[in-house]
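Please have a look at it first, and then we will go through it together.

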Amino acid sequence: MHDVVTSLAKLSLKIQKTATSLGEIKETMDASIAVLRKYKTRDGPKLRSFKTTVEDGQTYTENLTLSKGPGQTLLGVREAVIDSITACLERRFECSDEVIASTQVSNFRLWPSELEDGENFC
């Protein structure tokens, strides 16, 4: 879950920036969804690091034993959580790609810093 939350935190920070256009948010959200989908079948960096330290059923710290719940697997639970998160994210942009792309005109980073005759543009 640490890897999933890290990906969502990066998305949240991008959305909170005041100088971010809707198009940029959509691009970042699409990238986050792609990362989350990858985590459905592969372990993220934090989970891989944890698994190399502690395998299922081994003692992690003082008298704490890690184990799977009855009838549950990590992969099954992980897939369900990630499917739910990605479905919620995808519902945020149900309008056409053309509408979102048209908001790029408000992205000041794409504007020139100076006009051709040397005057300041912004």
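This is a predicted model: local features need pLDDT of at least 70, side-chain atom pairs count only at pLDDT 80 or more; totals for chains, interfaces and linings use all residues.

**Surface, fold, core and pocket**

The accessible surface of the protein chain comes to about 8,900 Å², and 55% of that surface belongs to carbon and sulfur atoms.

Turning to the fold, the protein chain has five helices and two strands, and, if we read from the N terminus on, the elements run α-α-α-β-β-α-α. Among contacts between residues at least 6 apart in sequence, 64% join residues at least 24 apart.

The largest nonpolar core has twelve residues, including Val 4, Leu 11, Met 29, Tyr 39, Ile 82 and Phe 93. Two or more residues of this core are given by each of helix 1 (2-16), helix 2 (22-41) and helix 4 (74-91), and the largest share, five residues, comes from helix 2. Which residues does Phe 93 touch, if we do not count those up to four places away in sequence? They are Leu 22, Ile 25, Lys 26, Met 29 and Ile 100.

Finally, I would like to point out the second largest pocket, in which about 170 Å³ of space lies. This pocket is lined by 13 residues, and Thr 6, Ser 7, Lys 10, Val 35 and Tyr 39 lie nearest its centre. Helix 1, helix 2 and helix 3 (45-53) each give two or more residues to the lining, with the largest share, six residues, coming from helix 2. By class, the lining has five nonpolar, four polar and four charged residues.

Terms used. Residues are numbered from 1 along each chain as its sequence is written. Side-chain values use heavy atoms; hydrogens and water are left out. A nonpolar core is a set of buried Ala, Val, Leu, Ile, Met, Phe, Trp, Tyr and Cys residues joined through side-chain atoms within 4.5 Å. Buried means under 20% relative accessible area, exposed over 50%, partly exposed in between (1.4 Å probe, protein chains only). Helices (H or I, at least four residues) and strands (E, at least two) are DSSP runs, numbered from the N terminus. Contact means heavy atoms within 4.5 Å. On a 1 Å grid over the protein atoms alone, a cavity is a set of points where a 1.4 Å probe fits but cannot get out, and a pocket is an open set with protein on both sides within 12 Å along at least five of seven lines; lining residues have an atom within 4 Å of a point. Grid points are joined across faces, edges and corners, and a volume is the space filled by probe spheres set on the points. Ala, Val, Leu, Ile, Met, Phe, Trp, Tyr, Cys and Pro count as nonpolar, Asp, Glu, Lys and Arg as charged, and the others, Gly among them, as polar. Accessible areas come from the Shrake-Rupley method with a 1.4 Å probe; for residues, only the protein chains shown count as cover.
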